[in-house]
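Visitor: Hey, can we go through this one together? I'd like to start with the strands.

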Amino acid sequence: TISGDANVQAVAVGTDHSLALVGTHVFRWGLLGGSSVDGKSKPTVVPTPAPLADWVKDGDRDALGVDGSVCAIACGGSNSFMLTRDGRAFVYGDL
């Protein structure tokens, strides 16, 4: 969760989720895409802001190095975008 005295730099809103940039750390809440079972997606509801480490996929642990260097965020309908200070761009979700 984000504390009341947090240094929120930006908030981005998608169709079904939101991002917050707190200092250089990213938090997300809302619907998170779920695993596909029989071709049907089961999203998970995340009611309170969760840090990046809690929602990146296990196979995408390289992205954890991003946390602490993010300078900009954006949301699409069901996707999230992050830009780092060194110019790397990361996209999560359905495009």
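Guide: Strands themselves are DSSP runs of E, at least two residues long, numbered from the N terminus. This is a predicted model, where local features need pLDDT of at least 70, side-chain atom pairs count only at pLDDT 80 or more, and totals for chains, interfaces and linings use all residues. Residues are numbered from 1 along each chain as its sequence is written, and side-chain values use heavy atoms, with hydrogens and water left out.

Visitor: OK, how many bridges join E3 to E6?

Guide: There are 5, between strand E3 (residues 25-32) and E6, and the two run antiparallel. For example, leucine 32 has threonine 44 in E6 as its bridge partner.

Visitor: New topic: valine 13, buried or exposed?

Guide: Exposed, because its relative accessibility is 62% and the cut-off for exposed is over 50% (buried is under 20%, partly exposed in between, with a 1.4 Å probe and protein chains only). Valine 13 lies in strand E1, residues 8-13.

Visitor: Which residues make up the largest nonpolar core?

Guide: That core has 11 residues, among them Ala12, Leu19, Val70, Phe90 and Tyr92. A nonpolar core means buried Ala, Val, Leu, Ile, Met, Phe, Trp, Tyr and Cys residues joined through side-chain atoms within 4.5 Å.

Visitor: Which elements give two or more residues to the core?

Guide: Strands E2 (17-22), E7 (70-75) and E9 (89-93). E7 gives the largest share, 3 residues.

Conventions. Helices (H or I, at least four residues) and strands (E, at least two) are DSSP runs, numbered from the N terminus. Two strands pair if DSSP finds at least two bridges between them.
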